Amino acid sequence: MDTLYITATEQRRRKRAVLVMSVLSTLIVISFIISMNTGYIRLAPLDVFKTLFGYGTAKQELILFDFRLPRIVISILIGAGFAVSGCIIQGLSRNPLADPGLLGINAGAGLAVIMFISFYPTTQKGSIFLMPFLAMIGASLTALLIFILSYKRHRGLLPTRMILVGIAVAAGIGAAMQILILRLTPEKYQFFAVWMAGSIWGTNWKYVLALLPWLIVIFPFVMYKAKALNALNLGDQMAVGLGAEVNKERAWLLAAAVGLAGSCVAVGGGIGFVGLIAPHLARRLVGPQHQALIPASAFVGGLLVIVADTLARWAFQPNEIPTGIVVAVIGAPYFLYLLSRSK
């Protein structure tokens with residue numbers, strides 16, 4: 001009888017997850033279409049349709065294929081990447097208010113970038129190709145430092161300690177960044193400020209191709225580790241009882257979270273709150289099981305960033321504001337709401 005009840009409950013949960021992700025997919029497609037028609041130079045829906053099938057003018061093809069489409073695709077990808085990274089970190093720390101920014105991963109990427117900008121003669125040409133790699137290195141070294149400081153012999157990696165160490169490391173990195181900012185010329189400072197505010201600056205297909213392999217490799221790996229993440233979310237003793245190698249699984253999953261967050265920061269800048277909001281909303285929609293929570297988080301994150309980027313391009317035409325600011329406007333009140341509800 002209990003087995004039948006569990007099976008029926010699981011079936012209802014799966015049907016709900018499929019329904020939720022179908023709705024989210026539809027909303028992403030609608031947002032995609034609206035975003036293609038949004039910008040300083042307006043393209044009518046019919047013009048967009050004609051251009052997609054090769055019947056547009058040279059100007060329409062330039063606007064759509066070289067500027068808008070890569071930016072829209074990148075918005076969805078970095079939203080999904082940040083969201084899944086946040087989902088992993090919340091599962092590892094057993095803290096629904098944790099995200100890559102809280103652990104200092106975003107700050108580590110930013111420090112590497114500002115060090116590069118400080119000493120590199122220009123923010124153009126070579127820097128476009130070097131900055132993503134440097135952001136990844138900065139994020140990885142920061143995560144390694146947090147891992148070392150959070151690890152205790154005979155007790156392993158402690159989730160609460162990891163959060164506290166991450167906050168301290170992020171604060172230290174922030175102080176170092178403020179010192180380095182004093183070295184910047186006005187031109188470099190403006191470039192860095194826009195980047196850290198979350199401007200999706202990599203608006204061409206090269207950045208899509210640079211980001212896509214990380215997601216293609218890491219997403220299936222995280223889905224493969226979903227059961228282990230479920231076990232870790234129950235606590236170390238329960239996870240060990242279920243046969244999970246706690247420290248090994250936690251290290252692999254933390255590396256996956258860093259890979260996702262670092263690669264997304266490299267292209268999208270310091271977009272905050274996505275890793276916090278998306279997993280939390282997805283958890284309310286599909287429940288705590290990571291087999292459904294991980295893909296639902298990716299859908300919610302992609303939807304959130306594409307909507308924010310569309311608003312950023314539309315709200316103050318002909319000017320635009322960084323996407324990260326729009327996400328923060330949405331995320332900050334929700335974060336305060338979560339704090340007020342947390343025990």
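1. In this predicted model, a salt bridge joins the side chains of Arg71 and Asp309, with an N to O distance of 2.8 Å. Arg71 belongs to helix α3 and Asp309 to helix α13 (residues 290-314), so the pair ties together parts that are 238 residues apart in sequence.

2. Both partners are buried: Arg71 has a relative accessible area of 9%, and Asp309 has a relative accessibility of 1%.

3. Asp309 also takes part in a salt bridge with Arg313, where the closest N and O atoms are 3.4 Å apart. These two residues are four residues apart in helix α13, so about one helical turn separates them. Arg313 is buried as well, at 8% relative accessible area. Through shared partners, the salt bridges join Arg71, Asp309 and Arg313 into one network.

4. The whole structure contains three salt bridges. One of them pairs Glu249 with Lys225, at 3.0 Å between the closest N and O atoms. Glu249 lies in helix α11 (residues 246-268), whereas Lys225 lies in the loop between α8 (205-224) and α9 (226-232); the two are 24 residues apart. Glu249 is buried at 14% relative accessible area, and Lys225 is buried at 13%.

5. The largest nonpolar core has 91 residues, and those with the most contacts inside it include Ile78, Phe192 and Val274. Helix α3 (residues 58-93) gives the most to this core, contributing 16 residues. A second, separate core has five residues, among them Leu97, Leu276, Tyr334 and Leu338.

6. Which residues does Val274 contact, leaving aside its neighbours within four places in sequence? The contacts of Val274 are Gly79, Phe82, Ala83, Pro279, Gly301, Leu304, Val305 and Val327.

Notes
Residues numbered from 1 in each chain as written. Predicted model: local features only at pLDDT ≥ 70, side-chain atom pairs only at ≥ 80, totals over all residues. Heavy atoms only, no water. Core = buried A, V, L, I, M, F, W, Y, C linked by side-chain atoms within 4.5 Å. Buried < 20%, exposed > 50% of the residue type's maximum accessible area, 1.4 Å probe, protein only. Contact = heavy atoms within 4.5 Å. Salt bridge = Lys/Arg side-chain N within 4 Å of Asp/Glu carboxyl O.
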